[in-house]
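User: I would like a close look at one residue, followed by a description of other parts of the model. Please keep the account plain.

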Amino acid sequence: MRPTPIAIGLFVMRALVIEDDPTAARLVRLVLAEDAWEVDDAATGQEGRRLARAHAYDLIVLDLGLRDLHGIAVVQDLRQSGRATPVLILTGETAEQTMIRGLDAGADDYMTKPFSREALRARARALVRRGAAGRADTMTVGNLSLNRLTREVRVDSHTLALTPREFALLEYLMLRHDEVVSRPELLEKVWDMHFDPGSNVVDAHVARVRRKLEDGKASAAITTSRGVGFSIGAASGAPPR
Ligand code: CA
């Protein structure tokens, strides 16, 4: 039986494992799968760097002794690009100096091989919780509020009725408030699709949520950036309420 995903809201939790030893990579994948993580693999530092920049992962498990570049360079690159993705270093390098360098470079946690399966699972969960703790249960944009625990969306004191998918879409846009979120990222995080099926599923849902916000007289609106994606922010010309 498939385990219950440790989803935050409706999102699937996705990890990137950067590891050049296929046996170790397979083991990490199996261990994370016990908590229903969706796992992508990168066998080189270059590939890891590319994937980490291209996708919004919830966790990166990073080997240090990669063939093409050192894992610490991967963390540095990620942090320099402004990504706060939790990084867990998992390495055979046991020297304290290496651990210190890894954490100073921006990694969040450090484990040495051989590792305990249960400890890896617990640390992965802890890193996700820590990431999620920075996000409040209730998010607001203007007079629009979304409660992630009760799953209620309100404009002032009026409740808006959204379908679960519309809720997840709005939730993700509000998490990334004032940032432009691309269609591929929305497909991945809200629909768990890794490819664009060529339909207008995202646009259709955005249109419906946008209409509900307008009809509900929200002072927040979803903006389309042509060719880039969508963002939520204060509605221009919203009447003061
Ligand atoms: Ca290695």
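In which strand does S231 lie? Is S231 buried or exposed, and which residues does S231 touch, not counting those up to four places away in sequence? After that, please cover the helix contact, the sheet and the calcium ion.

Analyst: The model is predicted. S231 lies in strand 11, which covers residues 229–234. The relative accessibility of S231 is 11%, and S231 counts as buried because this is under 20%. Leaving aside residues up to four places away in sequence, S231 touches E179, V180, A221, I222 and T223.

Next is the helix contact. Helix 6 (residues 164–175) and helix 8 (residues 201–215) have axes that come within 10 Å and cross at roughly 85 degrees. Helix 6 is therefore roughly perpendicular to helix 8. On the helix 6 side the contact is made by R165, E166, L169 and L170, which meet H205, V206, R208, V209, K212 and L213 of helix 8. By class, the residues of this contact are 5 nonpolar, 1 polar and 4 charged.

The open sheet has 4 strands in the order 6-7-8-9, with antiparallel pairing. Strand 6 (138–141) and strand 9 (158–160) each have a single partner strand, so these two stand at the edges and one side of each has no neighbour in the sheet. On average, neighbouring strands of this sheet are turned by 25 degrees against each other, direction ignored. Strand 8 (residues 152–155) pairs with strand 9 in the antiparallel sense over 3 bridges. Across from R154 stands T159 in strand 9.

The remaining part is the metal site. The calcium ion is coordinated at 2.2 to 2.5 Å by D20 (OD), D63 (OD) and G65 (O). The spacing of these donor residues in sequence is D-x42-D-x1-G. D20 and D63 are 43 residues apart and link distant parts of the chain. D20 is in the loop between strand 1 (14–18) and helix 1 (22–33), while D63 is in the loop between strand 3 (59–62) and helix 3 (71–80). D20 has a relative accessible area of 14% and is buried. D63, at 5% relative accessibility, also counts as buried.

Notes: Residues are numbered from 1 along each chain as its sequence is written. This is a predicted model: local features need pLDDT of at least 70, side-chain atom pairs count only at pLDDT 80 or more; totals for chains, interfaces and linings use all residues. Side-chain values use heavy atoms; hydrogens and water are left out. Axes are lines fitted to C-alpha atoms, for helices over the stretch in contact, and angles run from 0 to 180 degrees between N-to-C directions. Angles under 35 degrees count as roughly parallel, over 145 as roughly antiparallel, 65 to 115 as roughly perpendicular and the rest as oblique. Contact means heavy atoms within 4.5 Å. Ala, Val, Leu, Ile, Met, Phe, Trp, Tyr, Cys and Pro count as nonpolar, Asp, Glu, Lys and Arg as charged, and the others, Gly among them, as polar. Donors are N, O and S atoms within 2.8 Å of the metal (3.2 Å for Na, K and Ca); water is not among the atoms, so sites may look incomplete. Buried means under 20% relative accessible area, exposed over 50%, partly exposed in between (1.4 Å probe, protein chains only). Two strands pair if DSSP finds at least two bridges between them.
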